[in-house]
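Please look at the sequence and the model shown here before reading on. The report is meant to be followed with the structure open beside it.

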Amino acid sequence: MGDWEVERRNQKKSNKPVLLAIGGIVAVGVLAGGYFAYSTWQKTQELNNAEKSAKTFLSYFSKQEFDKFPELLNEGSVKESGYDNAKLVEKYQTIFSGIQAEGIKSKEVKVTKDKKGQFTFTYKLDMTTPLGNLKDLTYKTTIKKTSDRYEIDWAPNLIFPEMTGQDKVTMGIDPANRGEIVDRNGEGLAVNQAFDQVGIVPGKLGEGQEKTNNIKAFSEQFKVSIEDIEQKLKQEWVKPDSFVPLAISFDPVTTFPQGAASQDAMVRYYPLKEAAAQLVGYVGTITAEDIEKDPSLSSTGVIGKVGLEQAYDKQLRGQDGGNITIIDDKGEFRSVLQKVAKKDGDKIQIAIDKNVQSQAYTIFNNRPGSAVVMDPQQGDLLAAASSPSFDPNKMANGISQVDYDAYANNENLPFMARFATGYAPGSTFKTITGGIGLDAGTLKPDEEIEINGLKWQKDASWGDYFVTRVKEASPVNLRTALVNSDNIYFAQQTLRMGEETFRKGLDKFIFGEKLDLAIPMNPAQISNEDKFNSEILLADTGYGQGQLLVTPIQQAAMYTVFQNEGKLVYPKIELSKETKTKENAISSNAANTIVTDLLGSVEDETGYVHNMYNPDFSLAAKTGTAEIKDKQDTVGKENSFLLAMDRSHNKFSAMIMVEDSRKNDTATNISKTLIDYLEANIK
């Protein structure tokens with residue numbers, strides 16, 4: 001009998017059967033709970049599987065692995081849309097390679113299940129095209145469970161949302177002109193110019209040995225490796241009558257090997273070539289890494305890679321114009337996917353003087369060094385040259401591996417911007433030490449100090465460490481110490497003023513400051529720590545060594561105090577930028593005392609810069625040598641410096657540096673032609 005009958009028969013005798021009946025109901029409830037739990041788990045699994053298909057689809061999309069789409073799609077929906085798997089894959093590949101899509105990313109991805117058990121799949125896509133960022137494309141489809149597969153329903157609107165049937169996508173580009181970089185007089189430093197683009201028409205090369213000979217002749221004439229030529233001739237798009245571009249010729253081409261041809265091409269050109277390479281920089285093709293950093297970039301074109309081309313890239317680049325549209329199979333317009341108006345890049349005018357820059361570079365004759373020429377009153381950088389250098393035209397328009405390796409393996413580092421690299425400034429820094437000492441009252445300019453011999457130490461606590469000088473003279477005052485570049489005198493004066501006074505004086509300059517300058521460099525450094533923690537280090541710093549690290553540009557800025565009555569003028573590279581100054585870095589009295597004494601370096605017959613003496617021009621100068629060595633009493637590498645300041649008009653100062661001067665000559669010996677040019681032309 002059933003439970004219900006047991007309950008009726010015994011209900012008057014006891015409550016136990018009721019409990020039994022209730023227990024029976026509870027048992028049924030437990031079974032039902034297990035069913036519901038299983039059902040929930042099953043739904044979760046189904047949702048997870050649907051989401052997995054969705055995520056896999058979007059992963060293939062982002063990687064543009066369109067050939068893998070068919071494994072995820074419902075074949076019936078593909079056929080219903082008038083496609084088969086092969087046509088579908090070809091459609092995606094044609095469209096997305098045609099619009100040069102890069103950086104495809106999905107967002108707001110959702111998979112939900114409705115009451116009918118069907119999964120709705122929605123998402124948005126962003127991507128980059130030559131017209132910039134194409135974003136917030138909104139998609140919607142369904143995912144169906146077929147056997148143990150979760151298949152995505154496909155229609156053309158999964159290519160682009162407004163597509164149907166056999167629609168196509170077309171793209172028209174109106175390229176923006178990159179803005180030019182010009183010097184203070186409007187002369188081009190980075191320009192857009194037409195040159196011959198040389199290449200090969202494969203069908204005209206001939207066959208067999210004749211073809212081999214013609215490729216070799218092209219390689220030798222245009223400096224393109226045979227390997228590069230053969231690789232480019234094997235590209236899929238190349239047909240016998242195709243023109244395959246291989247190089248830009250910056251010289252007029254009058255004769256061609258058989259099979260070669262040329263066409264006009266507008267390219268980025270750098271007229272100063274090596275003379276301004278590290279400063280102006282160069283452009284290069286936009287890469288996936290560039291787009292990752294800046295999604296607003298188009299997927300084609302060029303971007304500034306180094307130098308001012310990189311610093312001002314956004315202003316220079318402009319925006320390509322054009323449109324990407326959807327048309328039907330008859331070529332009729334349907335809708336616009338992306339439309340952008342062309343905006344040419346801005347012209348950037350900088351303070352550099354093209355002729356001064358060339359003169360500054362020429363003096364080095366491939367020696368490692370730098371030259372900075374500055375207008376000490378306005379702060380304009382008239383030149384910032386670094387040697388050795390490289391040809392930015394090769395970097396921007398296709399450099400051969402041989403040429404690149406020659407640069408990369410050069411021990412003198414031609415890619416290095418030495419004008420923005422920190423060095424111990426050597427004896428030119430004695431001018432600042434002298435100025436601080438004069439203001440502190442610890443240095444008395446006319447005081448005669450007895451200094452005997454070529455080396456000195458404060459006392460026995462210095463152990464075997466001595467400060468050395470090159471020229472023996474005694475007694476010594478400020479003027480003779482500057483003219484003779486006496487390390488011992490300035491070491492003693494620095495110890496006399498003490499660390500606190502010395503550092504307070506240095507803090508009035510630009511140490512530790514990040515300059516507002518489109519030339520990257522580390523801030524000038526006094527020492528590795530906030531304190532010297534050593535009298536020896538304090539003394540060494542006073543004559544420009546120790547742990548000082550100052551770039552030639554920073555040095556040029558600091559030394560402007562001597563042409564501005566103690567006011568420091570910051571360097572600037574943009575011509576239109578307002579001049580920034582720092583008042584009273586030292587007093588006018590200190591500045592004038594130092595710079596007047598520096599006239600003796602040129603005017604005195606025994607002065608280190610007497611080779612530049614011009615009776616019709618007043619030039620103040622200070623030489624400097626910073627020795628880098630592992631220990632005392634050894635010969636180290638010497639860097640040579642020359643500070644030259646116009647005292648006739650105060651219109652220029654020059655900071656010239658040569659690395660390893662024992663091997664490469666001194667800054668003073670190589671600089672006369674530059675100083676002569678500045679005296680004659682900068683007024």
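The structure is a predicted model, in which local features need pLDDT of at least 70 and side-chain atom pairs count only at pLDDT 80 or more, while totals for chains, interfaces and linings use all residues. Residues are numbered from 1 along each chain as its sequence is written, and side-chain values use heavy atoms, with hydrogens and water left out.

## A helix and its surroundings

Helices (H or I, at least four residues) and strands (E, at least two) are DSSP runs that are numbered from the N terminus. Helix H19, which covers residues 588–603, has 16 residues and reaches 23 Å from its first C-alpha to its last, close to the 22 Å expected at 1.5 Å a residue; the expected span is 1.5 Å times one less than the number of residues. Several residues of H19 are buried, among them Ala590, Ile594, Leu598 and Val602, where buried means under 20% relative accessible area, exposed means over 50%, and partly exposed lies in between (1.4 Å probe, protein chains only). The buried residues of H19 pack against helix H14 (430–440), helix H15 (478–484), strand E21 (619–628) and strand E22 (637–646), and contact here means heavy atoms within 4.5 Å.

Strand E21 is also the place of Thr623, which counts as buried at 13% relative accessibility. Leaving aside residues up to four places away in sequence, Thr623 touches Ser427, Thr428, Ser485, Tyr608, Val609, Phe641, Leu642 and Thr668.

## Two pairs of helices

Two packed helices are described by the angle between their axes and the distance between the axes. The axes are lines fitted to C-alpha atoms, for helices over the stretch in contact, and the angles run from 0 to 180 degrees between N-to-C directions. Angles under 35 degrees count as roughly parallel, over 145 as roughly antiparallel, 65 to 115 as roughly perpendicular and the rest as oblique.

Helix H5 (residues 208–222) and helix H6 (residues 226–233) pack at an angle of about 120 degrees with their axes 9 Å apart, and H5 and H6 are therefore oblique to each other. On the H5 side the contact is made by Ile215, Lys216, Phe218 and Ser219, and on the H6 side by Ile226, Ile229 and Leu233.

In the other pair, the axes of helix H11 (residues 354–362) and helix H22 (residues 672–681) come within 9 Å and cross at roughly 160 degrees, so H11 and H22 are roughly antiparallel to each other. Here Asn355, Val356, Gln359 and Ala360 in H11 meet Thr673, Leu674, Tyr677 and Leu678 in H22.

## Salt bridges

Side chains of opposite charge can pair when their charged atoms come close. A salt bridge is a side-chain nitrogen of Lys or Arg within 4 Å of a carboxyl oxygen of Asp or Glu, and by this rule the count comes to 37 salt bridges. The table gives a few examples.

| Pair | N to O distance |
|---|---|
| Glu46 and Lys145 | 3.7 Å |
| Arg149 and Glu151 | 2.8 Å |
| Asp174 and Lys342 | 3.9 Å |

Asp174 is partly exposed, with a relative accessible area of 38%, and Lys342 counts as partly exposed at 36%. Arg178, Arg268, Glu309, Asp313 and Arg317 are linked in a network of salt bridges.

Gly284 is placed in strand E10 (residues 282–285) and is buried, with a relative accessible area of 11%. Residues up to four places away in sequence aside, Gly284 touches Gly301, Val302, Ile303 and Lys305.

A cis peptide bond joins Ser387 and Pro388, with omega about -5 degrees, and Pro388 lies in the loop between strand E16 (381–387) and helix H12 (392–397). The peptide bond from Ser474 to Pro475 is cis as well, with omega near -5 degrees.

Although Asp136 is not a glycine, Asp136 has a positive phi of about 60 degrees; this residue lies in strand E3 and is partly exposed, with a relative accessible area of 39%.
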